[in-house]
Structures are given as structure tokens and as C-alpha cells.
Amino acid sequence: MTTDPRQVDVLIVGAGPVGLITAFQLAKFGGISVAIIEKNSKSIQDAYGRAITLYPRSSEMLDQLGLAEELAQQCFACRETATYNSHGEEVHGRGWSFMETGMSDTAWNFALVLRQKYQEDVFRRALREYGVEVEAPVRLDGIVVDESIPLLQHRVTATVHDELTSERKTIKCKFVIGCDGGHSSVRRLIDIPFRGLTTADKWVRVDGLVETNVPRPRTYCAIESPTHGNVLWVGLDRGRTRIGYAFTQDREKAYKVFDEAAAVKEAIAAVKPFDVTFLTVDWWTIYSVGQRIAETFEKKDCIFLAGDACHTHSSGAAQGMNTGIHDSVNLAWKLSLVLRRLARTDILQTYQAERMPNVERLIQYDRDISRLMTNRLPEDWQGDPEADVNAILGQVMGEAGSFSSGLGIFYELAETSLLSVPGSFTSSQQVVDVQQPVGPGRRAPDVTLLKPGTFESTRLISETPNRSSFYLVLFAGNPLLTEATAFADAFDTSTYLSGIQSRGKWADSHAQSVLANNWTGLLKCLTVLPQPASSAYEVLGREPLGRAFFDTHEGVAYKRYGVDVGAGCVVLVRPDGWIGTMLSLSESSVREVEMYFSRILL
Ligand SMILES: Cc1cc2nc3c(=O)[nH]c(=O)nc-3n(C[C@H](O)[C@H](O)[C@H](O)COP(=O)(O)OP(=O)(O)OC[C@H]3O[C@@H](n4cnc5c(N)ncnc54)[C@H](O)[C@@H]3O)c2cc1C
């Protein structure tokens with residue numbers, strides 16, 4: 001039976017973490033209709049397994065969306081790592097040690113370990129608060145795009161099958177986002193090749209409650225096993241532990257059936273010379289390792305892929321869900337602004353332009369890391385054929401560290417880039433953390449700021465929540481030396497900029513969003529003064545632009561952004577917390593701000 005076509009703005013296929021977070025953002029930003037379908041009732045999905053770790057940049061992005069606090073309530077915050085060689089001796093600078101050195105410069109300076117099921121529960125609840133329920137079990141069966149219908153109209157017809165009622169239904173939508181995992185139906189239905197390969201390597205993961213004599217068991221830990229590769233040992237939420245190991249073809253021959261008992265037996269062998277006893281097994285899996293990437297992340301301007309639907313890799317560096325979150329956060333605000341008729345449709349092309357090079361980088365690292373974790377040297381290895389795989393693994397993990405933590409992920413400043421634009425600012429100061437420079441296309445570091453009056457500490461991320469708005473951060477410097485007041489005066493007289501500050505508001509019955517409406521508008525301003533003072537007004541000699549904050553007594557924010565107190569700077573931060581552009585502070589920079597927005601906004 002077919003019912004009348006229902007219409008929505010965006011149909012999201014798949015309610016894994018990426019689909020849920022994407023739906024959440026679109027619902028939260030408001031003003032458009034969203035449906036999310038999932039072919040499985042989650043009760044029959046794997047109870048606990050798969051992803052466990054969020055890296056700092058993912059946590060920051062979820063923090064900006066108001067999702068991280070609940071995850072932090074439940075997680076095991078893992079700040080320590082340990083690596084043991086095959087004799088059980090602790091060795092340093094190998095395995096996961098990059099986590100201890102490469103995850104600073106953020107309040108989320110730890111591996112947030114929480115099993116995927118619990119993360120998904122948090123995302124699903126948050127989505128429900130915005131009135132969107134996952135429709136399950138409902139499977140996508142077909143997609144047709146009528147290209148004669150203009151973009152931003154209901155040009156996509158999706159056919160879905162309700163697994164409970166056996167009804168076939170049609171949903172008409174403007175955009176489809178395929179968040180439907182490695183075997184994506186969306187990708188297949190619209191014929192996007194998935195390039196790469198699945199290797200013969202198999203890995204096993206077992207989660208449970210254990211007793212052990214591993215010296216430091218509540219860490220992110222590697223055990224360099226001669227038989228089971230670089231064994232993963234991680235303290236999980238709720239006192240659980242994950243053990244992961246390579247399951248070679250040799251070992252496979254020993255089993256007719258590889259079941260839970262076999263997975264546990266091999267886990268016990270993998271952690272030798274240590275002992276482990278499983279008191280419970282919550283979940284286990286065996287899976288093939290491979291790397292694949294979709295030829296394109298977007299087709300016909302209205303079908304997008306995100307998460308595992310457009311890239312899969314081993315879980316060796318624990319990147320799949322993290323990378324999917326990056327995709328989702330990159331896409332959602334752009335799509336929201338386009339659908340709300342606030343931004344040009346061109347900005348949607350920046351999704352693939354920004355995300356694909358980062359996914360390719362991940363896949364290159366993952367190829368090497370997954371081979372090394374299986375006790376083999378990288379495929380294109382030119383060095384000593386007898387090299388110690390565990391030492392090389394440590395080096396590769398170290399090199400990939402700032403990428404893996406997400407803190408070093410950047411978007412190229414291409415000539416044609418609309419969103420990451422080199423501005424007039426050049427720092428005269430040495431930036432404090434040279435590993436992760438500050439600039440357009442890079443993350444805006446989450447510096448500590450002080451609130452006026454109380455001098456209570458806050459963080460830039462807390463003051464720049466992701467509500468699909470841009471933020472102009474005015475580092476005013478010492479106004480006696482800088483052109484801060486001239487800039488602020490010129491900013492205030494720009495009718496174009498005052499227009500975009502009030503645009504993007506929308507009426508919504510959701511109580512929290514009504515509150516949030518005071519906040520929405522395409523551009524918000526913050527003024528950061530270089531040191532605590534009695535009043536921002538008195539320092540500036542005029543009202544600050546937007547809300548005022550002070551740098552700490554040590555001047556950490558100015559130093560981190562490389563801003564000279566005698567010169568000041570303007571930082572334009574995108575809704576997703578990446579820097580759009582940085583401008584020197586002068587009256588004429590207001591024109592640069594106008595130009596930035598005039599290229600992307602309607
Ligand atoms: C053992 C293991 C450990 C891992 N550890 C980590 C880790 O620590 N950190 C990390 O970042 N990543 C890790 N990953 C990877 C991570 O689990 C995935 O990258 C992540 O789940 C991808 O999320 P997703 O939402 O894109 O896809 P999925 O989680 O696969 O969700 C896709 C959803 O789409 C649904 N679907 C599919 N087809 C249809 C259809 N036709 N109609 C409707 N619904 C459909 C599916 O049922 C599914 O619920 C691990 C993976 C494994 C296997």
C-alpha cells in the first residue's frame with residue numbers, strides 16, 4: 001500500500017552516531033523539517049560495541065553543540081597510556097603515548113571513552129528534545145532525483161519500507177544525507193563508487209568486566225604481542241575493559257567455529273605475559289580490516305554522504321566515528337543556512353573540498369597503522385626490512401598524533417575557498433603552541449577568558465556555541481595603541497553587517513529555542529580585552545562589540561592567537577569553530593568582514 005507523499009526538507013538515512021548528530025544539529029538550528037529513518041530497531045543492534053573513543057576535537061565540537069557534558073557524565077576519561085613489550089616491561093614513547101603529549105591546548109585533553117551505544121542514547125535523547133524521533137525500523141529502498149525541479153525544492157523522491165507494517169511509503173525531500181554506514185544504500189542507489197579494498201586481516205574485540213595483573217589496567221594501553229599484533233587494552237565506561245587483537249590466518253586455522261569462548265581464549269593468549277579473567281563478556285566481534293573512500297561525497301547537488309557511508313578504515317587509530325562527527329559538523333550548519341535561504345548554495349561544495357583531503361590523509365595513516373598493528377611493516381616501507389614494527393608504529397602514531405586528536409585538522413586555503421580566507425593579519429608574535437598554529441582554516445583554540453565583574457573563568461567555546469552563527473572576536477588590544485575603537489565605530493555604521501547580525505532568527509515553539517532565539521542571528525560579536533579591568537567601557541571608551549571578556553593575567557588568549565596587545569586583531573570564527581579569516585585591526589578591516597560575508601551569504 002502506498003500513502004500520499006510526505007514532504008520534508010532533509011531526509012537522513014541511518015541513525016548511527018553520524019545520522020543522529022546531523023539530525024540533531026538541523027533540528028537545533030531550526031526553521032527546517034527533518035526526518036531520520038533507521039532500518040534496525042536499535043534493540044536488535046549490537047548491545048554495546050564498536051566505537052569507544054572520542055578525541056579532543058570531537059569532544060570540543062560536541063561541547064559547542066551542548067552534547068558533550070552528558071557524555072562526560074558517563075565516560076571513562078582516559079588521560080594515561082602504557083605500553084608493555086612482549087616481556088611485560090613498560091616501554092615509553094610507543095603505542096598510544098601520543099595521547100599524553102599531543103592532546104593539550106584544550107579543556108577536553110583526554111580520550112573520552114564511552115561505548116557507542118551509550119553515546120547514541122545521549123544523541124537520540126537530545127534529538128527527541130527538539131521534537132524529532134528516529135523512525136525505525138524503516139529502510140530506504142529507492143531514491144530518484146528529478147533534476148528538472150530546481151535545487152531547494154522537493155526534487156528527491158525516496159521510497160522507504162516500514163518493516164513493522166510492511167508499508168511502502170514515499171518521502172519527498174530537498175536533500176538526502178546518507179549516514180547509513182559502510183554498506184550505504186544511499187551510496188549504492190545513486191551509484192557512487194567506493195574505492196579501496198578489504199584486506200585478509202581480521203581483528204577481534206572483546207568487552208567485559210575483567211580481573212587482571214596488568215600493572216596499569218585503567219589506561220589506553222598497548223601490549224606488543226609476538227602472536228597477536230599490537231594488542232589494544234582500554235579501560236571503558238562502567239568499569240569495563242576492551243581487549244583487541246589481530247587474528248592471523250594461522251590462528252584462524254585452529255578453530256572450526258570462532259565463537260565467544262574462542263574470542264575470550266585468544267584474548268587471554270593475546271595479553272601474555274599478563275593474566276586476565278573475564279567475569280562478564282558484554283560484547284565481542286571479529287571483523288575484516290580495510291580502507292575505502294567514496295569517489296564523491298555529494299551527487300546532483302542534493303545527495304550527501306557522511307561518516308562510514310563515504311569512508312571506512314580499520315579501528316586501529318579509533319577514527320571512524322570521530323571522522324564522521326567532523327563530516328557531520330562540517331555539513332550541518334552549511335545545509336541549515338542554505339535551506340533557510342541565508343547562504344548561497346555554493347557553500348555546500350566546500351563540504352567535500354574540506355573533508356575529502358582529511359579523509360584521504362586518515363586513510364593513508366590507517367593503511368600503515370593497521371599493517372603495523374598486525375606486526376607487518378607498511379606496504380611502501382623503504383627502510384630496514386628487519387625494523388621493529390612496534391617502534392615504527394610508535395613513530396607513525398606520533399606523526400599522526402595531532403591529526404588523530406583532531407586538534408591539527410585543517411582546511412586548505414585554496415584560491416577558490418569560500419570559507420577559509422587568508423586575511424590581512426600576520427602575527428608579530430611567536431604563537432605559543434607551534435605544533436598547532438593559529439590561522440584561517442584551522443581550529444579556533446579554546447582559550448580561557450574571564451567574565452567582567454566576577455572574573456569568573458569561561459572558555460571561548462562556551463561563549464561561542466554552535467547555533468549556525470558566525471562569531472567575530474575582536475582582540476581590541478590596548479585601545480590607546482590600536483584602532484579598536486575606529487574598527488568598532490565603522491562596524492556599527494555598516495548597514496550590511498548590522499543586517500546580518502539580526503538575520504537568521506526564526507520562530508519556534510520549543511522552549512529552549514525561544515531562549516536561544518535571543519542568541520541566533522548570523523553574526524555575533526565578542527570583544528576580548530588584554531587584561532582584567534573594572535569595566536570594558538572604560539578601557540574602550542565606548543560600548544564593546546557584543547559581549548566583553550578579559551584575557552587572563554598571564555595574557556594566555558592573546559599569546560595563543562599570536563596577537564600583539566599594541567596591534568590587536570579580528571578573528572572571524574565559523575559556526576563549527578574553525579577560523580574563517582583573521583584580519584589586522586583597522587577601520588578598513590570592516591570592509592574585509594563585509595567581503596567575507598558577501599561571498600557566502602544571500
Ligand atoms: C570494533 C570497532 C571499534 C571501533 N572503534 C572506534 C573508536 O574507538 N572510535 C571511532 O571513532 N570509531 C570507531 N569505530 C568505527 C565506528 O564504529 C564507525 O565509524 C561509526 O559507527 C560510523 O558511524 P555512522 O553513523 O557513519 O555509521 P553506522 O554506525 O554504521 O550507522 C549506520 C546506520 O544506518 C543504518 N542503515 C543502513 N542502511 C540503511 C537503510 N537502507 N535504511 C535505513 N537505515 C539504514 C544502519 O542500520 C546503521 O544503524 C569502530 C568500529 C568497529 C567495528
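## Around the ligand

Which helices and strands each supply at least two residues of the shell around the ligand? They are α1 (17-29), β9 (138-145), β16 (276-294) and α9 (320-339); helices (H or I, at least four residues) and strands (E, at least two) are DSSP runs, numbered from the N terminus. Keep in mind that this is a predicted model, where local features need pLDDT of at least 70 and side-chain atom pairs count only at pLDDT 80 or more, while totals for chains, interfaces and linings use all residues. Residues are numbered from 1 along each chain as its sequence is written, and side-chain values use heavy atoms, with hydrogens and water left out.

In total, 35 residues surround the ligand, each with a heavy atom within 4 Å of it. The closest are Glu38, Ser185, Asp308, Met321 and Asn322. Sorted by class, the shell has 12 nonpolar, 14 polar and 9 charged residues. Here Ala, Val, Leu, Ile, Met, Phe, Trp, Tyr, Cys and Pro count as nonpolar, Asp, Glu, Lys and Arg as charged, and the others, Gly among them, as polar.

## Contacts and cover

Ligand oxygen atoms sit 3.1 Å from a backbone N or O atom of Ile52 and 3.2 Å from a polar backbone atom of Thr53. For Gln116, a polar side-chain atom lies 2.9 Å from an oxygen atom of the ligand. On its own, the ligand has 990 Å² of accessible area, and the protein covers 92% of that (Shrake-Rupley method, 1.4 Å probe).

## Salt bridges

Side chains of opposite charge can pair when their charged atoms come close. Across the whole structure, a search turns up 43 salt bridges, meaning a side-chain nitrogen of Lys or Arg within 4 Å of a carboxyl oxygen of Asp or Glu. One network of them links Arg57, Glu60, Asp105, Arg443 and Arg560.

Asp446 and Arg459 pair up at 2.5 Å, N to O. Asp446 is in the loop between α12 (401-404) and β20 (448-450) and Arg459 is in strand β21 (residues 457-459), so the pair ties together parts 13 residues apart in sequence. Arg547 and Glu463 also form a salt bridge, with their closest N and O atoms 2.5 Å apart. Since Arg547 is in strand β24 (residues 547-550) and Glu463 in helix α13 (residues 460-463), this pair ties together parts 84 residues apart in sequence.

Glu463 counts as buried at 6% relative accessibility, whereas Arg547 is partly exposed at 39% (buried is under 20%, exposed over 50%, partly exposed in between; 1.4 Å probe, protein chains only).

Note on methods
A polar contact is a pair of N or O atoms within 3.5 Å; within protein, one must be able to donate a hydrogen and the other to accept it, and residues adjacent in sequence count only if both atoms are side-chain atoms.
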